[in-house]
Amino acid sequence: MIIVDNKAVEDVLQMIAPYKKVLVAGCYGCVTVCLAGGEKEVGLLASQIRMARQKEGNPIEVLEQTVERQCDKEYLVKFQDNARDVEAIVSLACGIGIQYLAEVYEPVPVFPGVNTQFLGANRDVGKWEEFCMACGECVLDKTGGICPIARCSKSLLNGPCGGSQFGKCEVSKDIDCAWQLIYDRLKSLGQLDKMAEYIPAKNWHRDKGPRKLVKEELTLERD
Amino acid sequence: MGKNENIRLGIYLCDCEGKLVQSIDLNKIKSAIQSSADFEYIRIADLLCGKMEKEKIAHEIEKYSLNRLLIAGCTDPFIERQFTVLAEENGINRYEVEFVDLIKSGKESTKWAVSIISEVLLQMQERSAIVYEDFNVLPEVLVIGCGKEGAAAALAVSEKQPVTVIDHDSPREGINLLNGKRNITVKTGVKVVGLEGFPGQFLVRFLDNGKHVKQSFGAIIVALEAQAVFDKVKYNGVQLGERVLRLSQFRQSDKDQYAGRKVAFVLGQADQDSLLSYAAALTEAIALREKGAEASILYDDMKVSADQLEQDYERARARGVNFLKYNGELQIVTTDVAATVRYREPFLPQSEPIRLVSDCLVLADDYQSNAATEELAAALEVRTGPGGFFQDDNVHFLPVMSNREGIYFVGGCHGPIHGIELNKEVEAVKAEVGRFASGKVRAPLLQPRVTAEQCAVCLTCYRCCPHHAIEIVHDQSLNNMYHSAAHMNALACRRCGTCAAECPGKAIQLPLFSDQEILQQVSKPPKLVAYACENSGALAAEYARSLDPRLQENLQIVSVPCSGKIDALYLLKALERGADGVLLLVCHKENCKYVWGNERADKRKEQVQRRLEEVGLEGDRVEIVHLAANQGNQFNASVRSMVERINQLGANPGKVIK
Ligand code: SF4
Ligand code: SF4
Ligand code: SF4
Ligand code: SF4
């Protein structure tokens, strides 16, 4: 799940300052689940924007709409009537949805209403934790199912570092040391020998540029 | 509008013993309504809340098959409650009864009355009928704990339905009472490790002598007794022995051996909070007298504030038990032949300590929650309260309710004091689980509905429901990408509306309190809007109105079933649409009928204050007030201070004038 947090309303207000009619666009995907960009949040932000602008003596009309996912163009089509009717759009989807929305509705300007944070899990209502950094080459088999890249402050593939103390990370005592967690897990799995296994460094140079995934056997095109 | 065949309305116009006649002509109202509205029955009464009317109305409900009532007269919350009870007794849901107050000050006129009655009638006719459904439920009841308390519950319930009793790692003192009894199965070496499902259809997971097994039950009664613990520090380190016994030990002993001997009980040094040791000492002392022993009870403060205790106390006195009051410290000296207590008489403070010599001294224990409590609470997903006992410290749950429908507490498991009230509790729990005895339960379908298209299956509602009434269901017909949606169980849901206010997709609507129905009431709000919990704020508002009717002229009160239903959006919307301030009127802390609705409301208030400040508006335009139903004066004081605050802040600059 992609976890996002709401942008300061002040920033959003600044982005849309020149406009008199905007759409706040929500997404029923990840951002609804992480309580930041669903229909409810769309309503709350829209209400805030209207009141803020009213107070400035510069009233604005705000439309509200939420679709299934902003990361698929078939769903983005549903915005067409409203998108054509406004001067700008504030999207509460993650960075993916915002970009796709901007691409589909060019030249209508699309602004981010959230800061996309990380890939994580929802521990309980209102509590999220980063679990994965989409490195492209998963090592969870070697680390007892705990990601050293996302959960170790230094993303060490062969930890722990010398700063691990009493199970906590030297960066902050509120952070569990991922390598302590890995050690404890491997121990309970009876796989402590994996601690000695060397994990080679990853190639972080994105020498092929931005990542793309194309599966020829699935695409609709024919050679 | 066409007549809805399913709605059968009864209209009652009450003259309130002539109070209304001067200003309002009920006969004119009656004929005006008769010519314009659809209904089954209409009647003018002299005094609707009088004794004779109860039977008459019941008869009319039956005769005309009425399923909705409109009552117009001099209403107040207490009269309303009286009629809703009457309606429910006669098969009409309380939400199908509407009241119109005909003596709001200043406005009374026949024309006004006709218009307000017609308006309410229209609403009642437009509202779709409440649908009832018969649910299949299992009559089988699980009793957890086979001490004396569990046995008492099991015996009572087994009169009507089958009962399984398990020991769950606790003492088995009640087993002899249960063996061979009809409708009762006793299993030992069995504990509960998990629970799924809903009332009427619980699936319980057991560890049965080391093996995992599961079985279904309609309802569950927890009866793990409180455990007696002895703290010798409270008795200056006295050594227990043949002559000095703990009360819990003494209760197990054979009383015959004390014939002709002297036994003294010491109360008040331990067990400060409960009455359990008082009850036990009284019972044992009476038993001793019957065996021809001499019995004394040393006490510092005789606590008899429970029906059974009061009676036992009188009986003990009548049987010649000595009651000796002491003050301050005790001194206990034991020898091979006797146990002596030295104590001071409160009325003779200057004199030497008095010596009470006996053959055996019995010392009160303390009581603590059963060691299995925490684990069992987790397995059943029910809450614990003070002292680690079961049940919240919340008057709404008394006597036997938990935060989940279908799971109940009896006796010491929810506090030692409840051991004293055992008979009452057993009766209460028998009535509760008795609803399932026939295998069918009829219930109104008033639980919230989920629009699958808007449900992201995020689990927020599931996690926020204080009553574990929500499951995620999967079905091809559910029209979203997951073919799944949250679903509220009609028998488990208590209709607090917390889920609806938390849903990030606005997918949940609570019937009769939908967002539309609530926001309609603030479409053009006055200066001040108060979202008020039905259990506190809304009742206090009624009472407050009788104290100062004018104060509410610029106030819109919007009732919600629980403050947990007050959506952050409702607060912002009221301000956006023109209010200068918003109040949340919620129950006192720890006293929410629905566990944590008021805590959720508190958080939402903070959230909305932050959101207002973010856009340069004053957070102080939103305030929360904790109050009880009877605090009309407090209500008025809060409204006055809010009005004053709003006046200081000036008009809300964020209101969007249409
Ligand atoms: S747009 Fe972003 S938030 Fe919405 S479903 Fe796609 S990935 Fe999730
Ligand atoms: S190793 Fe960590 S960052 Fe890489 S894919 Fe696996 S979980 Fe994600
Ligand atoms: S809170 Fe709303 S979106 Fe989330 S599971 Fe419940 S109904 Fe669905
Ligand atoms: S209304 Fe209350 S009890 Fe019913 S499902 Fe929602 S949160 Fe649970």
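**Entry 1: ligand 3.** I started with the shell around ligand 3, where I counted eleven nonpolar residues, one polar and no charged. The model is a predicted one, so I keep that in mind throughout. Around ligand 3 I listed Val450(B), Cys455(B), Ala456(B), Val457(B), Cys458(B), Leu459(B), Thr460(B), Cys461(B), Ala486(B), Cys503(B), Pro504(B) and Ile508(B).

Entry 2: For ligand 4 I found 14 surrounding residues, the closest being Cys465(B), His467(B), Cys493(B), Cys496(B) and Cys499(B). This shell holds nine nonpolar, three polar and two charged residues.

**Entry 3: where the chains meet.** I turned to the A–B interface and found 25 residues of chain A in contact with 34 of chain B. About 2,600 Å² is buried between the two chains, with 61% of it on carbon and sulfur atoms. I noted 15 residue pairs in polar contact between them. On the chain A side, the elements giving two or more residues are α1 (9–15), α2 (30–33), α3 (39–55) and β6 (114–124). Helix α3(A) supplies the largest share, twelve residues. By class, I read this side of chain A as nine nonpolar, seven polar and nine charged residues.

**Entry 4: salt bridges across the interface.** Three salt bridges cross between chain A and chain B. I looked at one pair, Arg50(A) and Glu576(B), with N to O at 2.9 Å. I also traced a salt-bridge network that links Lys40(A), Lys506(B), Asp515(B), Lys565(B) and Asp567(B).

**Entry 5: salt bridges within the chains.** Over all chains, I have 51 salt bridges on the tally. In chain A, Lys202(A) pairs with Glu137(A) at 3.9 Å, N to O. Lys202(A) sits in the segment after α8 (178–189) and Glu137(A) in the loop between β7 (127–132) and α7 (148–151), so this pair ties together parts 65 residues apart in sequence. I checked accessibility too: Lys202(A) is buried at 13%, whereas Glu137(A) is exposed at 52%.

Arg640(B) belongs to helix α18 (632–649) and Asp548(B) to the loop between α15 (537–547) and β30 (555–560), so parts 92 residues apart in sequence are tied together. I have Arg640(B) down as partly exposed, at 41%. My last pair was Arg550(B) with Glu553(B), at 3.8 Å between the closest N and O atoms; both residues are exposed.

Notes. Residues are numbered from 1 along each chain as its sequence is written. Chains are lettered from A and ligands numbered from 1 in the order in which they are written. This is a predicted model: local features need pLDDT of at least 70, side-chain atom pairs count only at pLDDT 80 or more; totals for chains, interfaces and linings use all residues. Side-chain values use heavy atoms; hydrogens and water are left out. A residue is near a molecule or strand if one of its heavy atoms lies within 4 Å of it. Ala, Val, Leu, Ile, Met, Phe, Trp, Tyr, Cys and Pro count as nonpolar, Asp, Glu, Lys and Arg as charged, and the others, Gly among them, as polar. Contact means heavy atoms within 4.5 Å. Buried area is the accessible area (1.4 Å probe) that two parts lose on being put together, summed over both. A salt bridge is a side-chain nitrogen of Lys or Arg within 4 Å of a carboxyl oxygen of Asp or Glu. A polar contact is a pair of N or O atoms within 3.5 Å; within protein, one must be able to donate a hydrogen and the other to accept it, and residues adjacent in sequence count only if both atoms are side-chain atoms. Helices (H or I, at least four residues) and strands (E, at least two) are DSSP runs, numbered from the N terminus. Buried means under 20% relative accessible area, exposed over 50%, partly exposed in between (1.4 Å probe, protein chains only).
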